[in-house]
Amino acid sequence: MLIYMLAIAMTVAMLIATVLGLHHEAQRVRVKANTKRFEGFGPRKPYRHH
């Protein structure tokens, strides 16, 4: 019974650590994205009519 309680405690601890890590990474990416203007997906080419 004790081993199951320890396993559950470790699982919950790892889930909390994962959520906190993802939140921290999202904040870092958000700050980085706000510092430079988003230019889209690669270089833009002018549209030419054919």
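Analyst: A helix is here a DSSP run of H or I spanning at least four residues, and helices are numbered from the N terminus. In this predicted model, the protein's secondary structure amounts to one helix and zero strands. That helix, H1, covers residues 2-35.

The salt bridge joins the side chains of arginine 28 and glutamate 25, with a distance of 2.6 Å from N to O. The cut-off for such a contact is 4 Å between a side-chain nitrogen of Lys or Arg and a carboxyl oxygen of Asp or Glu. By this rule, the count is one salt bridge. In general, side chains of opposite charge can pair when their charged atoms come close. Arginine 28 and glutamate 25 are about one helical turn apart, because three residues separate their positions in helix H1.

Both partners can also be placed by their accessibility. Arginine 28 has a relative accessible area of 43% and is therefore partly exposed. Glutamate 25, at 36%, is likewise partly exposed. Across the 50 residues of the protein, buried residues account for 0%.

A nonpolar patch lies on the surface, with about 1,200 Å² of accessible area together; its members include Met1, Leu2, Ile3, Tyr4 and Leu20. Isoleucine 3, one of the patch residues, is located in helix H1. With 57% relative accessibility, isoleucine 3 counts as exposed, since the threshold for that class is over 50%.

Methods:
Residues are numbered from 1 along each chain as its sequence is written. This is a predicted model: local features need pLDDT of at least 70, side-chain atom pairs count only at pLDDT 80 or more; totals for chains, interfaces and linings use all residues. Side-chain values use heavy atoms; hydrogens and water are left out. Patches are made of residues with over 30% relative accessible area and no salt bridge: like charges are joined within 9 Å, nonpolar side chains (Val, Leu, Ile, Met, Phe, Trp, Tyr) within 5 Å. Accessible areas come from the Shrake-Rupley method with a 1.4 Å probe; for residues, only the protein chains shown count as cover. Helices (H or I, at least four residues) and strands (E, at least two) are DSSP runs, numbered from the N terminus. Buried means under 20% relative accessible area, exposed over 50%, partly exposed in between (1.4 Å probe, protein chains only).
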